[in-house]
Amino acid sequence: MIFAIPRVPVLSQVKHHIALLPIFVGCSLLFAQEVVAADDSARSDHRTMRIAAAQPKNRTIDWKIDDPAEVLRLVDRSLGELAQLIRKAGEANCDAVAFPEDTLGLLKWEVTHRDSLDKVLPVAVERMLDRLGRAAAQENMYVVVCNDTIAADGATHNTSFLLGRDGKEIGRYQKVNLPLVEMSNKRGQEFPVYSTPDLGAVGMLICYDMIFPEAARCLALQGADVIFHPTLGGAAIGDEDISLAAFRTRAVENFVYLIVSMRGSGSMIISPQGKVLATASEPDELAIADIDPFGGREGGDAFNRQLDMRGRLFRERVPQAYSILTDPEPPVLAKVPSNVTADEAVRIAALALTTGEERFKQAESLARAGKTAGAIESFEKLCAECRTSWIERAARQRIETLVAVATKDDPPSTDAVGIAAKYASDVGIEKDPRVVFVENFEEESLDSIEKRWETVTQPETMTLESDVPPGSGGKRSLLMAHVGGKGTGGHLYRRLQPGYEKLHGRFYVKFDPDCMPIHHFGTTLGGNHPATPWPSVRAGQPPAGDKSFWVGIEPFGKNWVWDYYTYWNEMRGSPPRGQTWGNSFVRDPELKVERGKWICVELMMKMNDPDDTNGEMAFWLDGKRISHLGKGFPKGKWVYDKFNPGDDGEGIRWNREKGGPERFMVPKGGAPFEGFRWRTADDLKLNYVWLYLYITQAPAGHVSRVWFDDVVIATEYIGPIKKPE
């Protein structure tokens, strides 16, 4: 059996101090090896090196500065402070110090001043190399710095520099692995390694490079002993623990020293054994460790141990099996398309780094000031403009928190305080300035009641009854009846002038146990423009955004469960032709109607700004909030004309343009509800209340009965009747 062992540069430096003798143990082919002493003669004159990973404080230059001369003045100020860190490392007898990516703090300025880079970057980088190089020479120290550079043709590279003890440039590295947001830069094409007499072979990577195991491996295969890693981020896609684990893994899987320098926090030095030798704790501090660039690489297994594990590790590779690593179009790309283009990513990053950050802070200020609605609106706009970025993720979290806080302000339970809590048995509630309309049916005849309603249909189905809700201060209620084979039921309708931006409607209702399933039922609020003295509704198609909308709370179908029945201009359609029946939003089969019992139903509607979807609706049963929907909450998914809170997976919408269904994936836990655009014009407001009973299928002669009582329409939460003490 012949083993072909590929030769790479590092293998000429690392002796494989074993004899290869194949033997079989069980079913595994192992190597029987004779351990011999390592040849240390090449290391006899090498000494321990003291390395510092700098952790500078944030010296980011304000992106709003337009004057290149002012930018360069600030660069000079930063360089003076960074030179002090080199002196601090010199006082600690360090042999090398590394600075983070974007050493000069120009990143945010660069993304907003692309046309001025040629006026700033060449001068700024030249000053950096000169100033920090002179400081390095004074301290007899190696220095690694990193910043964007610009070439004569205008191409920009994210570049790190290795400066020698004399302050002169030994070599530079141009970042190879660019994230989407850096695609305006040009990629580097190689991973150079630079030889030094005492620090060993030195390689450099920058930030995103560390995400790719291949990058560090390329340096290690060229014999790198130490890898300097200027960065502004981690080594893995995940939390801090995963990132630290990835840093340690990169070091140990290549048996190299890893010098990580970050801005503000995260600077560290890791040994070839994967041990974190030093960390910095505060800004403008140094993580310092003593290392032997040519040692610390012992390793092996039960059958062979090496003083330098690279002697085995890189010989035991199987390069011919790794060809897919260099395939620019591996099969996986067909399965996982990107959610943004490179141009989009660059735009989003520029926004997130500049105005996005400021607007996020402004939204936080609104939240702290108690302006919850404004804060939520600001965060939502940021989500749309900075999608896929950290700003969207953080804004979504803030929206959830703010919505939860706002939800707590809504009465959540049976003992919630509403307008009715001030008026025992509702006595005097009609005088409250927040109350718009009251109907308690306390009249001697239906004729008197009809005068308060503008449209009354089939009054012959209505009677005044002595059955009233518990705690009511009245003696009568209104009974609507339906007789199978004789019409569909009756209704009461009236306008609420002049129109309102937000209304609550509280209705007490009771369904006879023998009541047939109700096709539709009105405890309804809505709006028409112009306001009409009769119900101006049309089923099966969305109303015009400047004309009409309405919402009812009704028993849903033969299963007798509570849900919304909602019409507005952006409502969802359903098969087979995309027709739009009233959309529903609760979808809870356990929310059964208790027939034979008085139930307090309260509906809230809040209008939107015409150019936004910040309209809301909610409803309560017996003082307990069942549902609340608005822009960004709750999470769920659409299946045609039904919104299912909490659901995820495959959703379906009717695409009106294509005339067919459109399927889409919803993330785990659901997608935030988009909110309601009840109107597209300011003139359309909440301006009517509608009580009705609509039954279309019942045996001939079968009588279905529904009672109404103690109707209150107000601008704030009302709540159940307060029982007298």
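Okay, a definition to start: a charge sits over a ring if NZ of Lys or CZ of Arg is within 6 Å of the ring centre and within 35 degrees of the ring normal. R653 does that here, with its charged end over the ring of F664, 3.9 Å from the centre.

Quick housekeeping. This is a predicted model, where local features need pLDDT of at least 70 and side-chain atom pairs pLDDT 80 or more, while totals for chains, interfaces and linings use all residues. Residues are numbered from 1 along each chain as its sequence is written, and side-chain values use heavy atoms, leaving out hydrogens and water.

Now, rings. Phe, Tyr and Trp rings (the six-membered one for Trp) pair if their centres lie within 6.5 Å; planes under 30 degrees apart are stacked, over 60 edge-to-face, the rest tilted. We've got 29 aromatic pairs. Take F511 and W560: the centres are 5.6 Å apart and the planes at 75°, so that's edge-to-face. F511 is buried at 0% relative accessibility, and W560 is buried too, at 4%. (Buried is under 20% relative accessible area, exposed over 50%, partly exposed in between, with a 1.4 Å probe and protein chains only.) W560 also has the charged end of R595 over its ring, 4.3 Å from the centre.

Next, F549 and W678: centres 5.9 Å apart, planes at 35°, so this pair is tilted. Which residues join these two in a cluster of ring pairs? Y564, W568, F585, F619, W638, F643, F673 and F676.
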